[in-house]
Amino acid sequence: MAPSDTTTGRPPEPAPERPGPAGVPGGSAIGDPAELAGRLRAVIQHLLPLLRGHSPYRDLTPSRTAALATLDAHGPLRVSELATRMNIALSTTSRMVDLLDDRGWIARRTDPLDQRASLISLNDAGRALLRAVRRETTGLLAERLGRLSPDRRQLLHAALPALEELVDDAG
(Lines give C-alpha, C1' and ligand atoms only; values in the text may rest on other atoms or scores of the structure.)
Protein backbone atom coordinates (compact mmCIF):
# COMPACT_ATOMS: atom_id res chain seq x y z
CA MET A 1 0.00 0.00 0.00
CA ALA A 2 1.35 3.42 -0.98
CA PRO A 3 2.09 5.88 1.81
CA SER A 4 -0.47 8.64 2.11
CA ASP A 5 -0.01 12.40 2.23
CA THR A 6 -0.26 13.45 5.88
CA THR A 7 -2.42 16.47 5.07
CA THR A 8 -5.01 14.88 2.77
CA GLY A 9 -4.80 11.17 3.61
CA ARG A 10 -4.53 10.42 -0.13
CA PRO A 11 -1.62 8.70 -1.85
CA PRO A 12 0.97 11.20 -3.10
CA GLU A 13 0.85 12.23 -6.74
CA PRO A 14 3.40 10.38 -8.87
CA ALA A 15 6.37 12.46 -9.94
CA PRO A 16 6.00 13.73 -13.49
CA GLU A 17 7.98 11.74 -16.03
CA ARG A 18 10.66 13.65 -17.80
CA PRO A 19 11.06 12.98 -21.50
CA GLY A 20 13.83 10.64 -22.50
CA PRO A 21 15.34 10.15 -25.96
CA ALA A 22 12.93 10.65 -28.87
CA GLY A 23 10.09 11.54 -26.50
CA VAL A 24 10.22 8.25 -24.60
CA PRO A 25 9.25 8.81 -20.96
CA GLY A 26 12.08 8.27 -18.56
CA GLY A 27 13.05 8.95 -14.99
CA SER A 28 16.44 9.40 -13.47
CA ALA A 29 17.18 6.11 -11.66
CA ILE A 30 19.31 4.06 -14.04
CA GLY A 31 18.71 0.73 -12.33
CA ASP A 32 15.00 1.16 -11.53
CA PRO A 33 13.33 -1.92 -13.08
CA ALA A 34 9.97 -0.16 -13.51
CA GLU A 35 11.55 2.71 -15.42
CA LEU A 36 13.64 0.39 -17.55
CA ALA A 37 10.60 -1.76 -18.29
CA GLY A 38 8.52 1.23 -19.34
CA ARG A 39 11.19 2.64 -21.61
CA LEU A 40 12.01 -0.75 -23.13
CA ARG A 41 8.32 -1.45 -23.77
CA ALA A 42 7.89 1.93 -25.43
CA VAL A 43 10.92 1.41 -27.67
CA ILE A 44 9.76 -2.07 -28.66
CA GLN A 45 6.24 -0.78 -29.40
CA HIS A 46 7.72 1.76 -31.82
CA LEU A 47 10.42 -0.48 -33.28
CA LEU A 48 8.29 -3.51 -34.18
CA PRO A 49 5.82 -1.66 -36.41
CA LEU A 50 8.77 0.00 -38.14
CA LEU A 51 10.21 -3.41 -38.95
CA ARG A 52 6.86 -4.91 -39.95
CA GLY A 53 5.72 -1.96 -42.02
CA HIS A 54 8.26 -2.49 -44.77
CA SER A 55 7.54 -6.14 -45.43
CA PRO A 56 6.28 -7.26 -48.84
CA TYR A 57 4.74 -10.32 -47.14
CA ARG A 58 1.34 -8.78 -46.38
CA ASP A 59 -0.33 -12.08 -45.43
CA LEU A 60 2.42 -12.79 -42.91
CA THR A 61 1.07 -11.09 -39.78
CA PRO A 62 3.15 -10.62 -36.62
CA SER A 63 1.41 -13.57 -34.95
CA ARG A 64 2.01 -15.82 -37.96
CA THR A 65 5.65 -14.76 -38.03
CA ALA A 66 5.89 -15.54 -34.31
CA ALA A 67 4.38 -18.98 -34.90
CA LEU A 68 6.87 -19.72 -37.67
CA ALA A 69 9.75 -18.49 -35.49
CA THR A 70 8.55 -20.62 -32.57
CA LEU A 71 8.36 -23.68 -34.79
CA ASP A 72 11.81 -22.89 -36.14
CA ALA A 73 13.27 -22.62 -32.65
CA HIS A 74 11.33 -25.39 -30.87
CA GLY A 75 9.57 -27.57 -33.44
CA PRO A 76 8.20 -29.98 -34.19
CA LEU A 77 5.42 -29.22 -31.70
CA ARG A 78 1.87 -30.24 -31.00
CA VAL A 79 -0.66 -27.46 -31.53
CA SER A 80 -1.20 -27.30 -27.77
CA GLU A 81 2.56 -26.87 -27.17
CA LEU A 82 2.68 -24.11 -29.78
CA ALA A 83 -0.25 -22.37 -28.05
CA THR A 84 1.52 -22.59 -24.70
CA ARG A 85 4.82 -21.26 -26.06
CA MET A 86 3.04 -18.37 -27.79
CA ASN A 87 0.75 -17.75 -24.81
CA ILE A 88 -2.40 -17.76 -26.95
CA ALA A 89 -5.62 -19.78 -26.83
CA LEU A 90 -5.62 -23.27 -28.26
CA SER A 91 -8.56 -22.48 -30.57
CA THR A 92 -6.70 -19.43 -31.94
CA THR A 93 -3.58 -21.51 -32.45
CA SER A 94 -5.53 -24.23 -34.24
CA ARG A 95 -6.96 -21.69 -36.69
CA MET A 96 -3.51 -20.19 -37.23
CA VAL A 97 -1.96 -23.61 -37.85
CA ASP A 98 -4.69 -24.33 -40.42
CA LEU A 99 -3.89 -21.05 -42.15
CA LEU A 100 -0.13 -21.71 -42.10
CA ASP A 101 -0.83 -25.14 -43.55
CA ASP A 102 -3.08 -23.67 -46.26
CA ARG A 103 -0.27 -21.26 -47.21
CA GLY A 104 2.11 -24.19 -47.52
CA TRP A 105 4.52 -23.04 -44.80
CA ILE A 106 4.30 -25.98 -42.38
CA ALA A 107 4.19 -29.77 -42.39
CA ARG A 108 2.01 -31.98 -40.23
CA ARG A 109 2.82 -35.51 -39.26
CA THR A 110 1.41 -37.97 -36.80
CA ASP A 111 2.97 -37.84 -33.34
CA PRO A 112 4.72 -41.21 -32.89
CA LEU A 113 3.96 -41.07 -29.14
CA ASP A 114 0.23 -40.50 -29.69
CA GLN A 115 -1.26 -41.50 -33.03
CA ARG A 116 -4.27 -39.23 -32.39
CA ALA A 117 -2.10 -36.09 -32.26
CA SER A 118 -0.13 -34.24 -34.93
CA LEU A 119 3.26 -32.62 -34.81
CA ILE A 120 3.68 -29.32 -36.62
CA SER A 121 7.00 -28.20 -38.11
CA LEU A 122 8.29 -25.77 -40.68
CA ASN A 123 8.67 -27.12 -44.17
CA ASP A 124 11.20 -25.86 -46.72
CA ALA A 125 8.87 -23.07 -47.91
CA GLY A 126 8.26 -21.90 -44.32
CA ARG A 127 11.97 -21.92 -43.53
CA ALA A 128 12.74 -19.97 -46.72
CA LEU A 129 10.03 -17.42 -45.91
CA LEU A 130 11.25 -16.97 -42.35
CA ARG A 131 14.86 -16.55 -43.59
CA ALA A 132 13.72 -13.91 -46.10
CA VAL A 133 11.75 -11.98 -43.48
CA ARG A 134 14.64 -12.11 -41.03
CA ARG A 135 17.11 -11.01 -43.70
CA GLU A 136 14.85 -8.09 -44.65
CA THR A 137 14.19 -6.90 -41.10
CA THR A 138 17.84 -7.36 -40.13
CA GLY A 139 18.85 -5.22 -43.11
CA LEU A 140 16.38 -2.50 -42.16
CA LEU A 141 17.55 -2.53 -38.56
CA ALA A 142 21.22 -2.53 -39.64
CA GLU A 143 20.52 0.56 -41.74
CA ARG A 144 19.01 2.32 -38.71
CA LEU A 145 21.86 1.20 -36.46
CA GLY A 146 24.34 2.53 -39.02
CA ARG A 147 22.91 6.02 -38.45
CA LEU A 148 23.83 5.88 -34.76
CA SER A 149 27.15 7.10 -33.47
CA PRO A 150 29.75 4.42 -32.69
CA ASP A 151 29.28 5.18 -28.98
CA ARG A 152 25.54 4.50 -29.18
CA ARG A 153 26.12 1.27 -31.13
CA GLN A 154 28.62 0.21 -28.45
CA LEU A 155 25.98 0.84 -25.76
CA LEU A 156 23.49 -1.35 -27.63
CA HIS A 157 26.13 -4.04 -28.08
CA ALA A 158 26.84 -3.99 -24.35
CA ALA A 159 23.10 -4.28 -23.57
CA LEU A 160 22.55 -7.35 -25.78
CA PRO A 161 23.55 -9.98 -23.18
CA ALA A 162 21.00 -8.59 -20.72
CA LEU A 163 18.29 -8.47 -23.41
CA GLU A 164 19.12 -12.02 -24.48
CA GLU A 165 18.86 -13.11 -20.85
CA LEU A 166 15.35 -11.61 -20.68
CA VAL A 167 14.35 -13.74 -23.67
CA ASP A 168 16.03 -16.86 -22.23
CA ASP A 169 14.16 -16.37 -18.95
CA ALA A 170 10.87 -16.25 -20.88
CA GLY A 171 11.39 -19.83 -21.86
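Colleague: How many salt bridges does the count come to by this rule?

Modeller: Ten. The rule asks for a side-chain nitrogen of Lys or Arg within 4 Å of a carboxyl oxygen of Asp or Glu. This is a predicted model: local features need pLDDT of at least 70, side-chain atom pairs count only at pLDDT 80 or more, and totals for chains, interfaces and linings use all residues. Residues are numbered from 1 along each chain as its sequence is written, and side-chain values use heavy atoms, with hydrogens and water left out.

Colleague: What makes Arg134 and Asp72 a salt bridge?

Modeller: Their side chains meet at 2.9 Å, N to O. The limit is 4 Å, so the pair qualifies. The two partners sit in distant parts of the chain, 62 residues apart: Arg134 in helix α5 (residues 124-146) and Asp72 in helix α2. Helices here are DSSP runs of H or I, at least four residues; strands are runs of E, at least two; both are numbered from the N terminus.

Colleague: Why is Arg134 called partly exposed?

Modeller: Its relative accessibility is 38%. Buried means under 20% and exposed over 50%, with partly exposed in between (1.4 Å probe, protein chains only). Arg134 therefore counts as partly exposed. Asp72, also with a relative accessible area of 38%, is partly exposed.

Colleague: What does the salt bridge of Asp111 and Arg78 tie together?

Modeller: The side chains meet at 2.8 Å, N to O. Asp111 lies in strand β3 (residues 106-111) and Arg78 in the loop between α2 and α3, so the pair ties together parts 33 residues apart in sequence.

Colleague: Is Asp111 buried or exposed, and how do you know?

Modeller: Asp111 has 5% relative accessibility, so it counts as buried. Arg78, at 27%, counts as partly exposed.

Colleague: Which parts of the chain does the pair of Arg108 and Asp98 link?

Modeller: Their side chains meet at 2.6 Å, N to O, in a salt bridge. Arg108 is in strand β3 and Asp98 in helix α4, ten residues apart. Each is partly exposed: Arg108 at 38%, and Asp98 at 38%. Elsewhere, salt bridges with shared partners join Arg78, Asp111, Asp114 and Arg116 into one network.

Colleague: Why does Asn87 count as exposed?

Modeller: Asn87 has 72% relative accessibility, so it counts as exposed. Asn87 is in the loop between α3 and α4 (90-102). Its phi is positive, about 60°, although Asn87 is not a glycine.

Colleague: Which peptide bond is cis?

Modeller: The one from Gly75 to Pro76, with omega near -5°. Pro76 is in the loop between α2 (62-74) and α3 (79-86).
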